[in-house]
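This briefing sets out selected features of one protein model. The sequence and structure are shown first, and the notes that follow are grouped by topic.

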Amino acid sequence: MTADLTIDLDRLMGRIAALGRIGALPGGGCKRLALTPEDAEGRALVTGWFRDLGLDVHTDVIGNCWAIRPGRSGGAPVVMGSHIDTVATGGLYDGVLGVLGGLEVIESAIQAGIETERPLAVAFFTNEEGARFAPDMMGSGVAQGGLDLDEMLAKVGIDGVSVAEALAAIGAAGSHPVGALAPDTYLELHIEQGPVLEAEGLAIGVVTGVQGISWSEITVEGQAAHAGTTPMALRHDAGLVAARIAAEARAIADAFGPPQVATVGRIALTPDLVNVIPERAVLTVDLRNTDEARLQAAEARLFAQAEAFAAAEGCRLSRRTLARFEPVAFDATLVDAVEAGAAALGLTHRRMPSGAGHDAQMFAPRCPSAMIFVPSQDGISHNIREYTAPAQIAPGVRLLAQVALARAGRVDQKGQTE
């Protein structure tokens with residue numbers, strides 16, 4: 001299928017590097033939080049590359065952007081995509097590889113004179129990371145009907161700015177309505193963001209689905225008091241309750257065993273002084289599992305224990321859901337096609353679930369969707385040291401091209417669909 005299609009790896013890596021210079025951080029990596037001026041600059045660069053190829057570029061009301069190369073017979077496009085926003089300590093490859101890898105597939109097909117029956121498209125989606133606005137996968141979730149547009153536009157970020165205000169500030173909102181991008185197929189190339197492929201010496205992860213994600217924010221209200229004069233038995237220490245909740249999250253992961261994971265990523269204490277008992281604590285808890293029933297059990301145990309810890313310390317507790325997504329299984333036929341393509345290209349591979357959330361999980365309920373993983377050095381991601389070597393990226397892009405062209409219906413030299 002792709003023997004006559006040449007991936008220009010230097011061009012792809014050059015684009016990854018150029019985008020990485022926007023929001024660059026000392027020591028490597030970059031910071032392009034969603035809908036910030038840095039994100040706006042990144043969007044302009046990428047859409048400029050889209051237009052340079054003569055693609056039809058579109059943007060919807062929440063800032064999702066896609067570019068289409070028409071097919072011979074029209075119809076719904078085969079979409080390759082991901083995101084270009086990052087966390088505050090992001091690397092160069094997370095999300096970006098899926099967008100620029102998809103662009104490379106389309107440009108290589110144009111240069112080779114390869115036509116397809118269905119259109120081919122490449123896309124990036126707003127606020128996949130959830131680092132500025134919760135929940136994550138916001139843009140793709142809205143586009144595919146999994147999240148309500150008005151509710152998401154009203155979300156306020158960590159800097160006190162709403163999504164609607166941020167969209168307006170950088171001019172990222174387009175005119176296309178929610179649901180304007182309705183793919184025939186959705187494919188996402190991504191770095192693994194974990195250590196499995198590297199540890200096993202494999203080139204490709206054939207992703208079977210995405211584990212469920214539960215993000216909660218817990219607030220504990222106690223009483224500020226002097227650290228030296230208040231007896232331990234008479235304290236209402238919000239910080240202590242937060243610490244016990246954090247320890248309980250780890251205990252849950254240990255007790256449930258793999259694939260359960262639990263993370264307390266943020267803790268803020270008030271008044272945050274060395275000699276004052278905290279009167280308020282706000283913390284986040286991230287629980288994930290591939291099994292919905294087990295994820296619910298983990299949530300139930302965490303929330304019950306959190307209430308018990310607060311009551312024992314004479315504190316008040318409240319919580320709110322930041323994000324909640326059930327586990328998603330990708331289309332079995334498309335997963336099989338990814339695996340068969342890897343085998344045909346002679347690439348070592350294994351089936352595996354994704355431990356991270358991805359835009360693909362928002363498309364999966366609406367159209368056949370699948371993901372391709374390539375290795376991450378040392379399993380590191382969401383870190384300025386994030387790295388995947390060009391020699392490891394190239395097989396993933398070739399496999400993406402193989403599957404995408406097959407799904408789009410490549411036209412042979414006699415005008416017949418292969």
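In helix α9, the residues E292, L295, A298, E299, L302, F303, A306, F309 and A310 are buried. Viewed down the axis of α9, these buried residues fall within an arc of 125 degrees, so they line one face of the helix. The model is a predicted one.

**Helix α9**

- Helix α9 comprises the 21 residues 292-312; at 1.5 Å a residue they should span 30 Å, and the end C-alpha atoms are 30 Å apart, which agrees.
- Exposed residues A293, A311 and A312 are carried on the face of α9 turned away from its buried side.
- The cover over the buried residues of α9 includes the strands β8 (212-221), β13 (280-289) and β14 (316-325), together with helix α8 (238-256).

**Helix α2**

- Helix α2 (residues 37-52) has 16 residues, which at 1.5 Å a residue should span 22 Å; the distance between its end C-alpha atoms is 23 Å, which agrees.
- Its buried residues are D39, G42, R43, V46, T47, W49 and F50.
- The packing partners of the buried residues of α2 are the helices α1 (9-20) and α3 (96-111) and the strands β1 (56-59), β2 (65-69) and β5 (120-124).
- After α2 comes G54, which has a positive phi near 75 degrees.

**Packing of α1 with α3**

- The axes of α1 and α3 lie 10 Å apart, and the two helices pack at an angle of about 145 degrees.
- The crossing in which α1 passes α3 is right-handed.
- From α1, the residues R11, L12, R15, I16 and L19 take part; they meet V96, L97, L100, G101, L103, E104, E107, S108 and Q111 of α3.
- By type, the residues of this contact of α1 with α3 divide into seven nonpolar, three polar and four charged.

- T36 is placed in the loop between α1 and α2.
- With a relative accessible area of 11%, T36 is buried, because that value is under 20%.
- T36 and A169 are separated by 133 residues in sequence, yet their C-alpha atoms are 8.3 Å apart in space.
- Leaving aside residues up to four places away in sequence, T36 touches R132 and I170.
- D237 is located in the loop between β9 (225-226) and α8.
- The relative accessible area of D237 is 14%, and this residue is buried.
- D237 and E221 stand 16 residues apart in sequence, with a C-alpha to C-alpha distance of 8.4 Å.
- Residues up to four places away in sequence not being counted, D237 touches I277, P278, E313 and C315.

**Backbone geometry in loops**

- The peptide bond joining A134 and P135 is cis, with omega about 10 degrees.
- P135 belongs to the loop between β5 and α4 (138-143).
- N127 is also found in the loop between β5 and α4.
- The phi of N127 is near 50 degrees, a positive value in a residue other than glycine.
- N127 is buried, with a relative accessible area of 1%.
- A cis peptide bond runs from T270 to P271, where omega is near 10 degrees.
- P271 lies in the loop between β11 (267-270) and β12 (276-277).
- Q193, a residue other than glycine, has a positive phi near 65 degrees.
- Q193 counts as buried at 17% relative accessibility.

Key. Residues numbered from 1 in each chain as written. Predicted model: local features only at pLDDT ≥ 70, side-chain atom pairs only at ≥ 80, totals over all residues. Heavy atoms only, no water. Helix = DSSP H or I, 4+ residues; strand = E, 2+ residues; numbered from the N terminus. Expected span 1.5 Å × (residues − 1). Buried < 20%, exposed > 50% of the residue type's maximum accessible area, 1.4 Å probe, protein only. Contact = heavy atoms within 4.5 Å. Axes fitted to C-alpha atoms, helices over the stretch in contact; angles between N-to-C directions. Left-handed = near helix turned anticlockwise from the far one by under 90°. Nonpolar A, V, L, I, M, F, W, Y, C, P; charged D, E, K, R; others polar. Arc of directions from axis to C-beta.
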